[in-house]
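This briefing sets out selected structural features for reading alongside the sequence and the 3D view. The points are grouped by topic.

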Amino acid sequence: MNILKLIKEFFLNHLAVLALYFISFSTFEGLNSIQEVAIFSFNLQMIIVYFYVLKFPSHLGNGHIFLAGIFNDVVIGIPLGVSSLSYLVLSFFTNYIRNATLRSRMSAEWITFIPALFFSNLIYFIIINNFTHLSFFYVELLQNTFFTFLFFPIFYYIFNYHQTRVLKDNA
Amino acid sequence: MADNRDDFIIALRYALLKKGAKQKFSLFFLISFSVLIIFLDKISLPITTFTRSVLNDIVYQISFVASTPGKVFNYLNDEKSEHFNIVNTNIILKEEIEALKSERYDALFLMTENTILKQALKLGSAKNLGDEASIRAKVALDHNSPYSKSLSINKGKKDGIIKGMTVFSQSYLIGTIIEANYFTARVLLITDLNSKIPVVLQDTGVNAILAGAGKKTDLTLEYLPDDIELLPNKIIYTSGKDGFLSSGLPVAETYLNKKNEFKIKSLADPQQASIVHVTRGQFNK
């Protein structure tokens, strides 16, 4: 019983890291696997990285972000380090936003997600276009980025609710 | 003005170099490390190729397990759709059976005639997929993302799979091996943007390049002569001009969609493939 409680506590406390690794390994692409709603596919990794680095940086280490990116590269089949760099650039911008923001508000954080996503994807495109011979579906990527931005508030409230509960339980 | 610039630089430096309470690495170190990895992967040293191959094998195995819940969800979703469609399909199939019964007698006559004509022309009998030595593999992962349309299979160099081999599903070409690891391999599907196959059009003999555009129902023909008018319901075969794939393998078909637009669809459904055959592409007919 005690072990079960410990496992449950571990899962609840490390949800961000576990979710990030799970999504990287499981080729999860938002709603891409359901044909009827594939257009709404989004990048949950980006949302997790942005939210946790912004609100609960102690729950998601840079090393985990880097490793999850490496695994994602292997699973997707793109050169190693590209996703890592993209996520770390997102993390860097989020860190900057966190340091520069005086009062935290969801609406402001949602808007600042745009430049963070933009620079993260920009780095991604530059590397892919200059270091590989791969072609991409730009429209799908644009849709993906747009819905990543659009769905952010939903996950913001889910993660925020979860973290507040976890912190309350730990207190 | 100078204060604002200093604040900006301080905030940037803080974001880049400062390690948080539970952070083991600074962002600057990890970003530099990522760039180094990209560089090492680009120059493809033997040691990096080997490391990548080992990493691929390990990650694919974990990924296979991690993607199981998603597969179960997709399976249940498919089963649900299939259940609701089964009655309609049954009616259609019954009608088709009746039609096929009447056509069967015609086909038998044509088969006999064909055999006699082949003997008269001294042509060998056509080989089929089963006659050729092929490696049977199971699809381990399905990478259907905006970035790539590819599959991972559970056979690799250990089983004789090498880069460049062709992959078939239900006798139709679905892609080529682009990465062979020791235990696993990656298949680039014909629906991927990077897939280019030399083909020839039925009844015309016109050569073109069949390229993927992301969807099974939306392939494109490149380098097609301007004066060629394409007709629907024509089969597109491999031309064998790449020197690897044998000629005459059916790959795709032309059709008119609901909006009466001319389109090309793959004969196989790469996303539905669960068991595939990997060959060296020499299925000569």
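Ile114(A) is exposed because 12 other C-beta atoms lie within 10 Å; a residue counts as buried with 20 or more other C-beta atoms within 10 Å of its own, as exposed with 12 or fewer, and as partly exposed in between, C-beta atoms being placed from the backbone. The model is predicted: local features need pLDDT of at least 70 and side-chain atom pairs count only at pLDDT 80 or more, whereas totals for chains, interfaces and linings use all residues. Residues are numbered from 1 along each chain as its sequence is written, while chains are lettered from A and ligands numbered from 1 in the order in which they are written.

**Surroundings of Ile114(A)**
- Ile114(A) belongs to helix H6 of chain A, which covers residues 106–131.
- Phe149(A) is 35 residues from Ile114(A) in sequence, and their C-alpha atoms are 6.9 Å apart in space.

**Chain A overall**
- Chain A has eight helices and zero strands; helices (H or I, at least four residues) and strands (E, at least two) are DSSP runs, numbered from the N terminus.
- Of the 171 residues in chain A, 43% are buried.
- Among contacts in chain A with a separation of 6 or more, 67% join residues 24 or more positions apart; a contact requires C-beta atoms, placed from the backbone, within 7 Å.

**Packing of H2(A) and H3(A)**
- Helix H2 (residues 15–25) and helix H3 (residues 44–55) of chain A pack at an angle of about 160 degrees, with axes 10 Å apart; axes are lines fitted to C-alpha atoms, for helices over the stretch in contact, and angles run from 0 to 180 degrees between N-to-C directions.
- H2(A) is therefore roughly antiparallel to H3(A), a term for angles over 145 degrees.
- From H2(A), Ala16(A), Ala19(A), Leu20(A), Ile23(A) and Ser24(A) meet Leu44(A), Gln45(A), Ile48(A) and Tyr52(A) of H3(A).

**Hairpins in chain B**
- Strands E7 (residues 207–215) and E8 (residues 218–222) of chain B pair in the antiparallel sense over four bridges; pairing requires at least two bridges found by DSSP.
- Ala252(B) stands opposite Ser266(B) in E11(B).
- The hairpin of E10(B) and E11(B) has five residues between the strands, and Asn260(B) takes a positive phi near 65 degrees there.

Terms used:
Contact = placed C-beta atoms within 7 Å. Parallel < 35°, antiparallel > 145°, perpendicular 65-115°, else oblique.
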